[in-house]
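Please open the model in your viewer and keep the sequence panel beside it. The tour below moves from one selection to the next and says what is there at each stop.

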Amino acid sequence: MAIISIKRRSEERRDGSAGLYAVFHLNREKVRIPLNLYVTACDWDAEAEKIKGRGSLVHDQNLIIENVRSKINDVLVRARLAGISLNKEVFFTLYRQPNNARSFIDFAQHRLKQSRRALACNTWRQHKSILKKIEDYRPELQFFEITPEFLKLYTAYLRRMGNGNATIWKNMAVLRGYILAAVRAGFIINNPFEVFRVKRSSPNIIYLTEDELKRLVDLFRSNELDAKEQDVLRFFLFMVFTSLHIGDARAVKIEHIHHDELHYVRQKTRIKVSVPLSDPAQKLIHYYKGNRKNGLLILGLPSDQQINRTLKTICNRVEISKQVSAKAARHTFATLYYKKNKGDLATLSNILGHSSLAMTMVYAHINQENRNQGIHVFDTLAW
């Protein structure tokens, strides 16, 4: 541990006082920290390294000296525990952080609160849930504790809690954003993600085939479901026929519909999207709209969780064993559109409101599997 001394400068002011400073060596480099305290030679006890005398003023000044010494030690200890290689510049970055620096959890939650209006509702809820997981794992997580080793242990914790690879990747991607913000704010020196990597797994895209979709449409037309199930299936089909994510579908307004197109701004990417409306989509819109001229198109929907639970029950009725959720509607639209339009990836990307063509490529991969399977029809003709 470095030896920290408190010294009085030799240069005196007109009143005979001189400034105090803390000094220690860091890797053989001298580090000085001014205390903004001034004392005369007769009031300074160089051996005890404190100001002579009694009274509240002297007591407070000596308390400042001890607080500076304590803060220097605290920075050195935290850096050692976090594996941070200290030089003069890094030390001062850590030292100048405010004494009331919050924990990482408080810092991240504060940033999330500030971003409330900028984030889509579903994204905001997702970030809130991810930060809650971190808080449950380490309630008072300090900045200096966030190291590559911590990320490794936290990833293992998420896996033990039953999270799949895709969920873990998303959790770590969100965490990475808040850590980068802490780095920019000077709370973290070394970005642990420069060393630690989470491999992104291929997304598990669940979609319905044409036959499976037809089974659901036939079930909807039969009116065999109770009112709540019928409402959920109607909403699911609306998302299938319009390509909308559940959050965007909930937010559609009557004013967004112009003749045979739906115009909206996608919540996730903030991209303006125009979706051509098929006949079944227009019939569902006519049902939802009724005689109203404005306002939300679809009213009285249950929660996302309830919708997903009900969808599983509905799918079981028509012997669809896939883990169908609201996400499957958008994936179904994209997969069937791509298949029917002979791989028109650019148009599909525009309809989906993707920010890049790379995001849409997943549907090309799905159909690549079908393409490879289809070619084996000729295997029986081999000689």
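Begin by selecting Thr242, which is found in helix α8 (residues 227-242); helices here are DSSP runs of H or I with at least four residues, strands are runs of E with at least two, and both are numbered from the N terminus. This is a predicted model, in which local features need pLDDT of at least 70 and side-chain atom pairs count only at pLDDT 80 or more, while totals for chains, interfaces and linings use all residues. Residues are numbered from 1 along each chain as its sequence is written, and side-chain values use heavy atoms, with hydrogens and water left out.

Is Thr242 buried or exposed? Thr242 has a relative accessible area of 0% and is therefore buried, a term that means under 20% relative accessible area, with exposed meaning over 50% and partly exposed in between (1.4 Å probe, protein chains only). Show its surroundings, leaving out residues up to four places away in sequence, and you will find that Thr242 touches Val275, Leu277 and Ala281, where contact means heavy atoms within 4.5 Å.

Next, select Arg69 in helix α1 (residues 56-82). Arg69 counts as buried because its relative accessibility is 17%, and, apart from neighbours within four places in sequence, Arg69 is in contact with Ile4, Ile6 and Glu49.

Now turn to the aromatic rings, of which a search of the whole structure finds 16 pairs. Rings of Phe, Tyr and Trp (its six-membered ring) pair if their centres lie within 6.5 Å, and planes under 30 degrees apart count as stacked, over 60 as edge-to-face and the rest as tilted. Select Phe107 and Phe143, whose ring centres are 5.7 Å apart and whose planes stand at 75°, so the pair is edge-to-face. This pair links distant parts of the chain, since Phe107 is in helix α3 (residues 104-114) and Phe143 is in the loop between α4 (121-137) and α5 (148-160), 36 residues apart.

Phe143 is buried, with a relative accessible area of 6%, and Phe187 counts as buried at 13%.

For another aromatic group, select Phe24, Phe91, Phe92 and Tyr95, which ring pairs link into a cluster. Then look at two arginines: the charged end of Arg9 sits over the ring of Tyr21, 4.9 Å from its centre, and Arg116 lies over the face of Trp124, at 4.1 Å from the ring centre. A charge sits over a ring if NZ of Lys or CZ of Arg is within 6 Å of the ring centre and within 35 degrees of the ring normal.

Finally, colour the whole chain by pLDDT, the predictor's confidence in each residue from 0 to 100. The chain averages a pLDDT of 87, and 92% of the residues score at least 70. Select residues 371-383, however, and the pLDDT is below 50, in a stretch that has zero contacts in the model beyond near neighbours in sequence.
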